[in-house]
Amino acid sequence: MNRYLWPLFTLFAALCFLLASRITPMGVVTLTQAQPEDRVVISAPVQLLLNGGDRFLAANLETMRLTSTVSESNDSDTTSYLVRATSLVTQLNPCHEDSYYLGSALLSWGGAEKEGSILLKRATECRHWDWIPAFFYGFNQLYFHNNSTEAQRALELAAQRSPENYASLQKTAIMIATGQIDDDRMALDYLRLQRDQVSDPKLKKMLEKRAIRLEGLISLREAQQRFEKQFNRPLNEASELLSTGLLEQFPKDPLGIGYEFTDGVFMLRKLKIAGMEEKR
Amino acid sequence: MTPMHLTPDYHIGMCLALRARFVSISFWLLVTLAIVALLAAQFSARQPATVALDVGLSFIRLALPLMIVFQLQELFAKEFDRRYFLTSLTYPRPRHQLFLGRFLALYTLLITLLVIMGLLLGVLVGVLEQDYAQSTPVALTHPYFITLGFIAIDLFVITAVGAFFAIIATTPSFILIGTIGFMIVARSFSTIIAMLGGERIVMANQQHYQESLGLLAYLLPDLASLDVRMITLYNTMDFLPANWPALIAGSLAYSLAFMGLTLWVLQRRRFS
């Protein structure tokens, strides 16, 4: 009898613990559910200590967490998490290829192009033999920041790093300098190229959504051109496209961020990320 | 004339380590290394071979110090714990011979294991590289061997410091805490100082922390700069620190100083 006493006691105590944890006050539970869902990224020095002083391991583990758990919903929380996680990896190992590639693809096209450009700039500096981050950086400068001098400089850098693509990259740099480049089409080709180069199906889907978003923008800009040709006056209100019948409906953004019409130009709307605006 | 017969202590050290299941633990470490490297490659979208090599090297650098601690407990702590010194130190032989013989036996076994692990990892990464053509291939030639050589120096420092803890310790767990604690601090402090120098950390009194952490550089060797794996990960020798001869000399001098201190303590230690 005695030898069954202690296992029984342990079982009883475990049951008591389970019961006690079930009967938590309802208020506590609802309070935690009401909080917006955000993800924690532990700061770099702490990560370093947790990984036994191995910054490469910490960078790899954070990138694995990022690639395998990033959610497809594209709200500002996801983007905020992406910004913090990729900049952490950049701090730990700025040469990490997956981090800059995913970060630039997901951030630049997900409404956080400033952060995407910072990431690419650091990757360009660290990976001093690699032409791809320099090319991406130059592209970002041209397409999102309208900074053609910086874009031209980055593309020339990319050309120097890649002997096999030297001619085409140099040509693009000259086309940028002379202003004879079709930004939107080039952007779409580039995004599709990025999409075709990744192996992960989930990531492919995410990049596909970004390509659809850009196609929406291109259709808006083309409708605007047709409007201005037809009526010989600039477009004042975006809704005029619908009332004149040039567009049946506004294109849907699969990311749910949308487009904006400011100063007579259609743009991709930017995301406001809490806590990231005032940092710079 | 094999190395095993160089000194009796070297031979006994080998026997003790092998009796403490060195071979079977090494086997399981190799199996784990293979699994870890292959799984890590699955998580990478653009550079599976690089990530496999990276995580594999991290595993080697974490697993071998644990092996050091375990073997130090077997070779030194148990000697005192179980009062074997009543026979092993009563011969008319100097005490330093026991320490140096066993230390060299342990280090020989570690280097053997490091070479086998390195070969296994190299083969695995080479196979992975066949699958997917990366834009930046890994370098499995001389940069890889240089990286493994630097890891061997790193292990020498850790073994020397761990042996000191093994000699002064009164409980075996102190060796674990002391050695692993030393390893973590020595491997991370210089990186943390560099991070505090960057503008991306929001913290009050940043300068103050940086200066006080900088004092550690006088006490500890910079094991983080002995981690030169970027030369093999990205196939660029530029990442080798320019002051590498000084780094190696400094680390070896630090280990030898610690070994001298250990011998001094061992000579004066009173066994009861």
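Two residues are in contact here if their C-beta atoms, placed from the backbone, lie within 7 Å.

## Getting started

This is a predicted model, in which local features need pLDDT of at least 70 and side-chain atom pairs count only at pLDDT 80 or more, while totals for chains, interfaces and linings use all residues. Residues are numbered from 1 along each chain as its sequence is written, and chains are lettered from A, with ligands numbered from 1, in the order in which they are written.

Chain A has 13 helices and two strands; helices (H or I, at least four residues) and strands (E, at least two) are DSSP runs, numbered from the N terminus. Of its 280 residues, 39% count as buried. A residue is buried if 20 or more other C-beta atoms lie within 10 Å of its own, exposed if 12 or fewer, and partly exposed in between. Among the contacts in chain A between residues at least 6 apart in sequence, 55% join residues at least 24 apart.

## An enclosed helix

Let's visit H7 of chain A, residues 113–126. From first C-alpha to last, its 14 residues reach 20 Å, close to the 20 Å expected at 1.5 Å a residue; the expected span is 1.5 Å times one less than the number of residues. Ten of the 14 residues are buried, so H7(A) is largely enclosed by the rest of the structure. Among them are A:Gly116, A:Ile118, A:Leu119 and A:Arg122. The buried residues pack against H5 (76–92), H6 (97–108) and H8 (131–143) of chain A.

## Where the chains meet

The contact between the chains takes 27 residues from chain A and 28 residues from chain B. On the chain A side, H3 (44–50), H4 (55–69) and H6 each supply at least two residues, and the largest share, seven residues, comes from H4(A).

H4(A) has 15 residues and reaches 21 Å, close to the 21 Å expected. Its buried residues include A:Phe56, A:Leu57, A:Asn60 and A:Leu61. What covers them includes H3, H5 and H6 of chain A, together with H2 (22–42), H3 and H7 (172–197) of chain B.

## The nonpolar cores

A nonpolar core is a set of buried Ala, Val, Leu, Ile, Met, Phe, Trp, Tyr and Cys residues joined through C-beta atoms within 7 Å. The largest one has 126 residues, and A:Phe135, A:Leu155, A:Ala158, B:Ala52, B:Leu72 and B:Ala166 touch the most other members. H3 of chain B (residues 48–81) gives the most to this core, with 17 residues. Apart from it lies another core, of five residues, among them A:Ala223, A:Leu241, A:Leu247 and A:Phe266.

## Two helices side by side in chain B

The axes of H3(B) and H6(B) (residues 142–168) come within 10 Å and cross at roughly 30°; axes are lines fitted to C-alpha atoms over the stretch in contact, with angles from 0 to 180 degrees between N-to-C directions. That makes H3(B) roughly parallel to H6(B), the word for angles under 35 degrees. The contact is made by residues including B:Leu64, B:Ile68 and B:Leu72 of H3(B) and B:Ile151, B:Leu155 and B:Ala166 of H6(B).

A:Leu246 sits in the loop between H13 (240–243) and strand E1 (259–262) of chain A. With 17 C-beta neighbours inside 10 Å, A:Leu246 counts as partly exposed. A:Leu246 touches A:Ala223, A:Arg226, A:Phe227 and A:Leu241, not counting residues up to four places away in sequence. A:Phe227 is 19 residues from A:Leu246 in sequence and 7.2 Å away in space, C-alpha to C-alpha.

Notes. Parallel < 35°, antiparallel > 145°, perpendicular 65-115°, else oblique.
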